[in-house]
Amino acid sequence: IADRSYLLGNPYPSALDADAFLDVNQNVLDGTLYFWTHNTPIAIGTPDPGSGLYAYSGNDYASYNRTGGVSTATPAPSSIPPFTGLNDNIPSGKIASGQGFFGGSAIALPSNPKIIFDNNMRVGVGTITGDNSQFFKTKKTKSLEKHRIWLNLTNIQGAFKQTLVGYVTDATNEYEGRFDGESYNGNDFLDFYSIVQDKNLAIQGRALPFDETDEIPLGYRVAVGGTFSVAIGKTDGFLSNQPVFIEDKLTNTVFNLNSGKYTFTTA
């Protein structure tokens, strides 16, 4: 039927060359193919929504024709990890196996019109080159943004306990098992932990975006008195360049751990 949108798909176990497909079907299709990127959640009130129960956003269709392709999201700079989850791919013209896409029929159609797929359109046939790797369906895999600091409590006799605090994608400042782990006080000589909701944590995940005024209570237990030190064991992400201060609540001392270890005496 003329001037309609048709949901199509690559039926082959190899990529389909979009240029070859469009050339063969130039009298049947209007010439532009649309690929769903799913960057906007399906919900009523989405921008440019579709109709019906599932309101897909029309802004999420990447498109391709014989001129080239356009994306639906600004590509992230190569220096930034892809934690946004956006599918910012520009259609390459090589339609992956099983890939669905929309094509519009021409306004004026020949008699007995058909949309044609054949083996001559497949990547790897004749002079057609390319790969089968670009697939538009869901968001890019969402990786976790992590900015972490490991703190060590030690003494000169070799006692050691480490605790970790990290600012991580999807974490909150409340206790949650996915990002927070309790310290079970299994070390005979000492324990060292951060504190959330009266829980002593060996590992604590904190919310992003990072607030440089964030304060985290720390606690410790020692079985023998003497001199102990708290020091930064390791950092990554932006905490590698972030000043980190420890406050001794007993002596009202504030010390910059970036300058070295903080040493104190305890009973």
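Author: The structure holds 1 cavity of 30 Å³ or more. This is a predicted model, where local features need pLDDT of at least 70, side-chain atom pairs count only at pLDDT 80 or more, and totals for chains, interfaces and linings use all residues. Residues are numbered from 1 along each chain as its sequence is written, and side-chain values use heavy atoms, with hydrogens and water left out.

Reader: What makes a space a cavity and not a pocket?

Author: On a 1 Å grid over the protein atoms alone, a cavity is a set of points where a 1.4 Å probe fits but cannot get out, while a pocket is an open set with protein on both sides within 12 Å along at least five of seven lines. The largest cavity has about 50 Å³ of space, and the largest pocket about 1000 Å³. Those volumes are the space filled by probe spheres set on grid points joined across faces, edges and corners.

Reader: How do you know which residues line the largest cavity?

Author: A lining residue has an atom within 4 Å of a point. Among those around the largest cavity are Phe35, Tyr64, Lys94 and Phe136.

Reader: And which residues lie nearest the centre of the largest pocket?

Author: Ile216, Leu218, Phe245, Ile246 and Glu247, out of 34 lining residues. Several strands (DSSP runs of E, at least two residues, numbered from the N terminus) each supply at least two lining residues, including strand 8 (146-154) and strand 9 (160-168).

Reader: What makes the link between threonine 37 and threonine 72 a polar contact?

Author: That takes a pair of N or O atoms within 3.5 Å; within protein, one must be able to donate a hydrogen and the other to accept it, and residues adjacent in sequence count only if both atoms are side-chain atoms. The two threonine side chains are joined at 3.2 Å, which meets the distance limit.

Reader: How do you know how confident the predictor is?

Author: Check pLDDT, its confidence in each residue, from 0 to 100. The protein averages 87, and 86% of the residues score at least 70. Over residues 78-84, though, pLDDT is below 50. Where pLDDT is low, the predicted coordinates should not be read in detail.

Methods. Contact = heavy atoms within 4.5 Å. Helix = DSSP H or I, 4+ residues; strand = E, 2+ residues; numbered from the N terminus.
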